[in-house]
Amino acid sequence: MPKVTFQGTQQTVDVEEGADLREVTQKNGWPIPYGCENGICGTCLISIPEGQENLSSAEATEQQTLKAMGKADGAHRLACQCKVNGDVTIAQ
């Protein structure tokens with residue numbers, strides 16, 4: 001079972017493989033803001049200190065938003081667009 005750790009609190013939770021990261025963060029009260037939830041607004045920008053390879057691939061819309069924000073560096077994602085496939089650490 002994959003584990004998601006929120007670096008800001010050091011809290012770790014077990015999630016089902018394929019879990020929606022937005023739902024995980026909201027369920028656990030982690031302070032990530034959400035706007036459009038469609039990968040366009042960029043309000044849910046997070047950094048991924050560990051486990052980037054364990055998130056679903058970024059689709060075209062998310063890639064465009066990250067590029068426009070200057071964050072298309074492989075270390076950032078939009079939480080609303082991520083599915084969890086293995087252990088990952090996120091930070092705001």
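A nonpolar core is taken here as a set of buried Ala, Val, Leu, Ile, Met, Phe, Trp, Tyr and Cys residues joined through side-chain atoms within 4.5 Å. In this predicted model, the largest such core runs to 23 residues. Val 4, Leu 21, Val 24, Ile 32 and Ile 90 have the most contacts inside it. At least two residues of the core come from each of strand 1, helix 1, strand 4 and strand 7 (88–91), and strand 4 gives the most, with three. Leu 21 shows who its partners are once neighbours within four places in sequence are set aside: Val 4, Tyr 34, Ile 46, Ala 79, Cys 82, Val 84 and Ile 90.

Phe 6 sits in strand 1 (residues 3–6), while Trp 30 belongs to the loop between helix 1 (21–27) and strand 4 (45–50), so the pair ties together parts that are 24 residues apart in sequence. Both partners are tucked away: Phe 6 is buried at a relative accessible area of 3%, and Trp 30 is buried at 5%.

Then there is Thr 65, a residue of helix 2 (residues 60–68). With a relative accessible area of 10%, Thr 65 is buried too, because anything under 20% qualifies. Not counting residues up to four places away in sequence, Thr 65 touches Gly 39, Ile 40, Gly 42 and Leu 78.

Terms used: Residues are numbered from 1 along each chain as its sequence is written. This is a predicted model: local features need pLDDT of at least 70, side-chain atom pairs count only at pLDDT 80 or more; totals for chains, interfaces and linings use all residues. Side-chain values use heavy atoms; hydrogens and water are left out. Helices (H or I, at least four residues) and strands (E, at least two) are DSSP runs, numbered from the N terminus. Buried means under 20% relative accessible area, exposed over 50%, partly exposed in between (1.4 Å probe, protein chains only). Contact means heavy atoms within 4.5 Å.
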